[in-house]
Amino acid sequence: MYTLFIDTHDELITVALLNDNQVIEKTKESLYSHAVYLMPMVQNILKENDLTVKNIKDIVAVNGPGSFTGLRIGLSAAKVMAYSLNVPIYLVSSLSAYLVSSDIKGNRQAVIEDNKGYYISVFDENNKSIIEESYLEDISRYSYPLVQEKLDVRKVVLYAKSFEPVKTHLVRANYVKKIEVEK
């Protein structure tokens, strides 16, 4: 049985299948076309490995912060699959995903910038949060080593699955910019 991993929080779509022995990963750069590419990527990764959706035992999805449309597409697909397959869904923030993927030892920070500020999170050497995910206008007072924006899918999935799964109807995105209605 496999874990399906979906990340659509930025311009790079990542879809992966994981089991105890292997990670099968596909990525695609997508400028504003996540809806066009995501589900065909899921279908192709299953087909290329002689699998069907019935081989999916759970789903891990990145829920942001990130692109409004990208997150909606990825999380909607993950929710529909989790609900229809009756499998658990786990969420992980993009900041936490970057932090657990890093090979930096000790305290480290992940930062996502938008045009008015920064999303920041800081983890210690045991992947425990020192600074909870926060939105700040100025991060100059933080001098922790900055992690790269890259994913180690196996590490991210193991981290996400160390928490309880989320009830499918409670899956929510963490958008980079709040829409006017949420302010």
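These legends describe close-up views of a predicted model, in which local features need pLDDT of at least 70, side-chain atom pairs count only at pLDDT 80 or more, and totals for chains, interfaces and linings use all residues. Residues are numbered from 1 along each chain as its sequence is written, and side-chain values use heavy atoms, without hydrogens and water.

**View 1. The largest nonpolar core.** This core has 25 residues. Leu-4, Val-15, Leu-17, Leu-38, Val-42, Ile-59 and Met-81 touch the most other members. Elements giving two or more residues include helix H1 (34-48) and helix H2 (68-85). A core joins buried Ala, Val, Leu, Ile, Met, Phe, Trp, Tyr and Cys residues through side-chain atoms within 4.5 Å. Buried means under 20% relative accessible area (1.4 Å probe, protein chains only). Helices (H or I, at least four residues) and strands (E, at least two) are DSSP runs, numbered from the N terminus.

**View 2. Surroundings of Leu-38.** Beyond four places in sequence, Leu-38 is in contact (heavy atoms within 4.5 Å) with Ile-6, Thr-8, Ile-13, Val-15, Ile-73, Gly-74 and Ala-77.

**View 3. Asp-124, buried without a salt bridge.** Asp-124 sits in the loop between strand E7 (117-123) and strand E8 (129-136). The nearest side chain of opposite charge, Arg-108, is 5.7 Å away. A salt bridge needs a side-chain nitrogen of Lys or Arg within 4 Å of a carboxyl oxygen of Asp or Glu. Lys and Arg count as positive, Asp and Glu as negative; His and the chain ends are not counted.

**View 4. An open three-stranded sheet.** The order is E6-E7-E8, with antiparallel pairing. Strands pair if DSSP finds at least two bridges between them. Five bridges join E7 to E8. Ile-120 has Ser-134 in E8 as its bridge partner.

Key
Buried means under 20% relative accessible area, exposed over 50%, partly exposed in between (1.4 Å probe, protein chains only).
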